[in-house]
Number of protein chains: 2
Amino acid sequence: MHAVDEANQEALRRMLAADPVLIDVIPAAQAIGALKENVLLHAGPPIAWERMCGPLRGAIAGAIVFEGWAADLDEAFTSAAAGAIAFHPNHHFDAVGPMTGITTRSMPLLVVENRTFGNRAYCTINEGLGKVMRFGGNDAEVLTRLAWLRDGLAPVLAAALRAAGGIGLKSLIARGLSMGDEMHQRNVACTSLLLRELAPWLVRAGKDPDVVAQAMQFIAGNDQFFLNVAMAMGKAIMDPVRGIAGSSVVTAMSRNGTDFGIQVSGTGERWFTAPVEMPEGLYFPSFSEKDANPDMGDSTIVETIGLGGFAMAASPAVAGFVGAGSAATAAAVTKAMSEITVGENPEWTIPALDFAGVPTGIDIRLVLETGLAPTINTGIAHREPGIGQVGAGVVKAPMACFAQALSGLAQALGVA
Amino acid sequence: MHAVDEANQEALRRMLAADPVLIDVIPAAQAIGALKENVLLHAGPPIAWERMCGPLRGAIAGAIVFEGWAADLDEAFTSAAAGAIAFHPNHHFDAVGPMTGITTRSMPLLVVENRTFGNRAYCTINEGLGKVMRFGGNDAEVLTRLAWLRDGLAPVLAAALRAAGGIGLKSLIARGLSMGDEMHQRNVACTSLLLRELAPWLVRAGKDPDVVAQAMQFIAGNDQFFLNVAMAMGKAIMDPVRGIAGSSVVTAMSRNGTDFGIQVSGTGERWFTAPVEMPEGLYFPSFSEKDANPDMGDSTIVETIGLGGFAMAASPAVAGFVGAGSAATAAAVTKAMSEITVGENPEWTIPALDFAGVPTGIDIRLVLETGLAPTINTGIAHREPGIGQVGAGVVKAPMACFAQALSGLAQALGVA
């Protein structure tokens, strides 16, 4: 397996060499040519309407109305069930999306460029908490907010990013880790640092002070605003790691609410899937486990680059929020993840672990040898369409994905 | 000593009941009636020109030129030495100032109101790093920046704060502690959180977008911007704790570069002083211990309320910056400080200590019993006027102050 180790070192080298920069916000149809009418991208591996969970269907119906492909939600559900809409994973088009992860042609996308490798990756703008499309929300309140993101926030954010010449994310993440963020369920530091860097540019680039003030208020009012930036960054970092012959490093982990899927460098674009698990966590008042949908979203891309659950030690506050316990437990999670990774990131360090780097590059062999599944910090959606977030917790990547992937890699290497 | 314990519980109660809100920025002459021409406030206990250190003299000369009381620095030094200027401590006028702590009539002051007790406290605006008046800087660059703070930043900041109805500081500090700030040598989180809250108000209140953008850029470019807010907050919290008969709780710790002084609740406005010590720390490139001035500034007010060195465990990054070692050392410092304090602050907690509250209310009896002097995180100024900051480190409050204060308290109680 010496060749696999060498391939994995190359994978790690590419991950650490990445230089992700948030450069722009553009309409999805401009970023992704395939996003024609009646085409919709979703989180996770490929899935047909029949097997989709409640919140994913709910979000899809909302997006269909948002795009004007149906007059109302009933018509949208009927149309989707009848096969009028083509569904594809975000991951097939350089994109990612949180939870349901819906991307359609008129939605504005954050653009992160990996300047070392020249590739770009995309993610929608975070809608905030509560009843939102990523958690299956689809009513007028949800669609009105999406329209404001498109018509109000996106143009001024785009103008500011262009004027600033982009915002480098590598050092921003480094600061965020020293400020208690793990960039999955806690993004308060990075959101604040990003707004702080962008604020003067927003003022200078914005034509209408009212819109600028609203844009700032929206960002300032949403501690998870940065999550979607971190996700686009994760995708931009991992895409150049795809297709290294023999590498057993995970390039994507993702879920659609029904299946959990992973992709591995040495097996290219192939998905290895297994039924997704239920998160274990804490519920918002008046909700409980019986309301919960199984796990979903492309946001696990952040664990793939050593953040989220892998960086739990940086974020004892999030350990409490997701029900994972105390600072000591948080440190133990990060230490466990270092047993299934190829190396550490010397530029992304955790003060509480005396500045150890985050565990980087999940090796499917180590996952199977140790029996330690990747730990993911996640939001929990209601199982019915239209309701939204009901809690937050921790979920494990299913071991079956990794076993399949190892077989697939062995086939690819001609040893099976 | 039962009466002392009861008095200390009342001191702690008042500290925890405080509700500090940053409400305004106003000219010093408006805040403090005594600030006439040729009157100057400085950090620390009272001191005459003859005993002042180099950077304090340098800053005073700069302030005299800034106010137009002398044509140049030479004339300013001569004038100050000849007794033309009246010197008083900031602490005598509800105010505090970092390092040299110079306050003169035209300087804008941050206003923090303690809404529980109705009192207000003041502090100048932080100038940024490098060659600045608080570290003894006094040339044209320093004075030009001070003029911009007065004419550019202050009016727009004041308008934004008034429009926002003030910014509550209690919860902002709570968040900052979970984001790696200890609010003395590290304020990156609180600076970012403050700018994030203020940004929409700055846009709406500002008349000229260029000035608004400059204001944001100035705040965003200075990780220590929040320090002066934290100091005014500390003063606003501690002033209502003064004059509780029998209380052995420290209400102020402060240094003027020559003397370290403390005040204690049960002994009112009396200062107990001892020679100030040299910080132990790390120096910027090309500087060393031989360049260092002994410790100075009113910023120790933050340790008095449980932040700074007392909250070191929240800030492993600052432990490295001030040369205090690793995360484990940082935790040990906070634990040691809990041996000399009356209680904990349940609203200001430290995630890395499993959400223990910061050690609150320094009891001079416990300092003397344990031999543990309060630990202070501090900046280090060059000993010559006009140069500026040369490092950062840790310094101990001199034990002699506490011994004198205990005698003073015993006298006040009629037991000595």
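How many residue pairs are in polar contact between chain B and chain A? The count is 14, with both residues of each pair at pLDDT 80 or more. Keep in mind as you look around that this is a predicted model. Let's go through how the two chains are arranged, what their interface holds, and then two spots inside chain A.

**How the two chains are related**

- Two copies of a chain are related by a rotation about an axis and a shift along it.
- Here, chain B is superposed on chain A by a rotation of 180° with 0.0 Å of shift along the axis, and the RMSD is 0.0 Å.
- That is the relation of a two-fold axis.
- If you want to find the axis from chain B, look for B:M179: its C-alpha is the nearest one in that chain, 1.9 Å from the axis.

**Where the chains meet**

- The contact involves 34 residues of chain B and 34 residues of chain A.
- The copies meet through the same surface, because 100% of the interface residues of chain B are also interface residues in chain A.
- Together the two chains bury about 2,700 Å², and 60% of that is on carbon and sulfur atoms.
- Four salt bridges are found across the interface.
- One to look up joins the side chains of A:D223 and B:R196, with N to O at 2.3 Å.
- On the side of chain B that touches chain A, at least two residues each come from α7 (188-205), α8 (209-220), α11 (316-321) and α12 (327-337) of chain B.
- The helix that gives the most to this side is α7(B), with eleven residues.

**A closer look at A:Q224**

- You will find A:Q224 in the loop between α8 (209-220) and α9 (225-238) of chain A.
- Is A:Q224 buried or exposed? A:Q224 counts as buried because its relative accessibility is 10%, and the cut-off for buried is under 20%.
- A polar atom of the A:Q224 side chain lies 2.8 Å from the backbone oxygen of A:H184.
- Leaving aside residues up to four places away in sequence, A:Q224 touches A:N126, A:H184, A:Q185, A:R186, A:N187 and A:T191.

**An enclosed strand, β15(A)**

- Strand β15 of chain A (residues 375-381) is largely enclosed by the rest of the structure, because seven of its seven residues are buried.
- Both of its faces are covered: A:T375, A:N377, A:G379 and A:A381 are buried on one side, and A:I376, A:T378 and A:I380 on the other.
- β15(A) pairs with strand β16 (residues 389-396) of chain A in the antiparallel sense, over seven bridges.
- Within that pairing, A:I380 has A:G391 of β16(A) as its bridge partner.

Note on methods
Residues numbered from 1 in each chain as written. Chains lettered and ligands numbered in written order. Predicted model: local features only at pLDDT ≥ 70, side-chain atom pairs only at ≥ 80, totals over all residues. Heavy atoms only, no water. Least-squares fit on C-alpha atoms with pLDDT ≥ 70 in both. Contact = heavy atoms within 4.5 Å. Helix = DSSP H or I, 4+ residues; strand = E, 2+ residues; numbered from the N terminus. Buried < 20%, exposed > 50% of the residue type's maximum accessible area, 1.4 Å probe, protein only. Polar contact = N/O pair within 3.5 Å; in protein donor to acceptor, adjacent residues only side chain to side chain. Pairing = 2+ DSSP bridges. Buried area = accessible area lost by both parts, 1.4 Å probe.
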